[in-house]
Amino acid sequence: MSDIKVLHQSNDQLGTISVIDDDHFRILSFGDNDEQSKMLRLAPYIPQHTYVQAMLLSLLFIKPKSAIILGLGGGALVHALRHCDAAIKLTAVELRADVIEIAKRYFQLPIGKKLQLINQDASVFLQESQHKRVDVIYADMYIEQGVDKNQLTQSFITSCQQQLKVDGLLVLNCWKEHSRDRQLLEHLKAQFTEVYACLTNGGNWVVFATNTLGRFEAANNKTAIQALSQQLEVNLSRTLTRFGPWD
């Protein structure tokens, strides 16, 4: 049986941050019984959580040259995206300075010229709008209590749309309960013509929004699905059975 070790524990104004290791996996936690990030130490690029796998369905619909990640956590998205395309330019915005240092120290974060790390409130970062427009924005802003409510606001959705290229894609990680949030859907439909979503086995509601008609047709492309599944070493077909228009 694996030995479970607490490698790190610290506190900031938002609460406790812990790093737990059991010889095979490394886990970032923001609260009791909480897995904010989970990494297979021998293969950090394989997404362990179903919500990360769902967010990576984006690679079926677009081949991004640039992306912004709002909420770094242990860097699961960074690892997977970098594994799929070493040339992609990534900017990760993280509210908690400790989380950035922990991702570097404990989660093998692939530091390099193609990765920019910014310690800032994501909403402020978007409003300042000093970054070049990107192909994809991944919003995964979580605190101990759950989804950061800023991620659900009209101003946040509008700011994201303004930071995307014309044919860009917004990917939001929310909870299952947000599938009934008509206001969030209205905010999205005010900015985007196509809004799709996916319910994961882990209880997350992952939303995809774009202004490019037909963008999501690749969800039916078995060859592309198989190729991406092999690349990420996860079976994406299961996730896609729950993927469809959000109306």
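In this predicted model, R26 sits opposite M39 of strand β4. The strands concerned are β3, residues 25-29, and β4, which pair in the antiparallel sense over four bridges. Both belong to an open sheet of four strands, ordered β1-β2-β3-β4 and paired antiparallel. The edges are taken by β1 (5-12) and β4 (37-40); each has a single partner strand, so one side of each has no neighbour in the sheet. On average, neighbouring strands here are turned by 10 degrees against each other, direction ignored.

Helix α4, residues 97-106, lies across this sheet, over β1, β2 (15-21), β3 and β4. The helix runs at about 160 degrees to β1.

S18 belongs to strand β2. Is S18 buried or exposed? Its relative accessibility is 9%, and because the cut-off for burial is under 20%, S18 counts as buried. The side chain of S18 makes a polar contact of 2.9 Å with the side chain of Q9. Leaving aside residues up to four places away in sequence, S18 touches H8, Q9, I27, L28 and S29.

A second open sheet has eight strands, in the order β7-β6-β5-β8-β11-β13-β12-β14, and its pairing is mixed. Its edge strands are β7 (115-119) and β14 (243-245), each of which pairs on one side only. Neighbouring strands in this sheet are turned by 15 degrees against each other on average, direction ignored.

Strand β6 (residues 89-94) runs parallel to strand β5 (residues 66-70), and five bridges join the two. Here A67 has L90 in β6 as its bridge partner. Next, β5 pairs with β8 in the parallel sense over four bridges, and I69 has Y138 of β8 as its bridge partner. From β8 the sheet continues to β11, again in parallel, with five bridges between the two strands. In this pairing A139 stands opposite L172 of β11.

How many residues of strand β8 are buried? Six of its six residues, 134-139, are buried, so the strand is largely enclosed by the rest of the structure.

Helix α7 (residues 182-191) packs on it and touches β11 (164-175), β12 (194-199) and β13 (204-210). The direction of α7 makes about 170 degrees with that of β11.

Helix α3, residues 76-84, is mostly covered, with seven of its nine residues buried. The buried residues are L77, V78, H79, A80, L81, R82 and C84. This helix packs with helix α8 (residues 222-232) at an angle of about 115 degrees, the axes being 10 Å apart. Their crossing is right-handed. On the α3 side the contact involves A80, H83 and C84, which meet L228, Q231 and L232 of α8. By class, this contact has four nonpolar, two polar and no charged residues. An α-helix has 3.6 residues a turn, so residues three or four places apart point the same way.

Conventions. Residues numbered from 1 in each chain as written. Predicted model: local features only at pLDDT ≥ 70, side-chain atom pairs only at ≥ 80, totals over all residues. Heavy atoms only, no water. Pairing = 2+ DSSP bridges. Axes fitted to C-alpha atoms, helices over the stretch in contact; angles between N-to-C directions. Contact = heavy atoms within 4.5 Å. Buried < 20%, exposed > 50% of the residue type's maximum accessible area, 1.4 Å probe, protein only. Polar contact = N/O pair within 3.5 Å; in protein donor to acceptor, adjacent residues only side chain to side chain. Left-handed = near helix turned anticlockwise from the far one by under 90°. Nonpolar A, V, L, I, M, F, W, Y, C, P; charged D, E, K, R; others polar.
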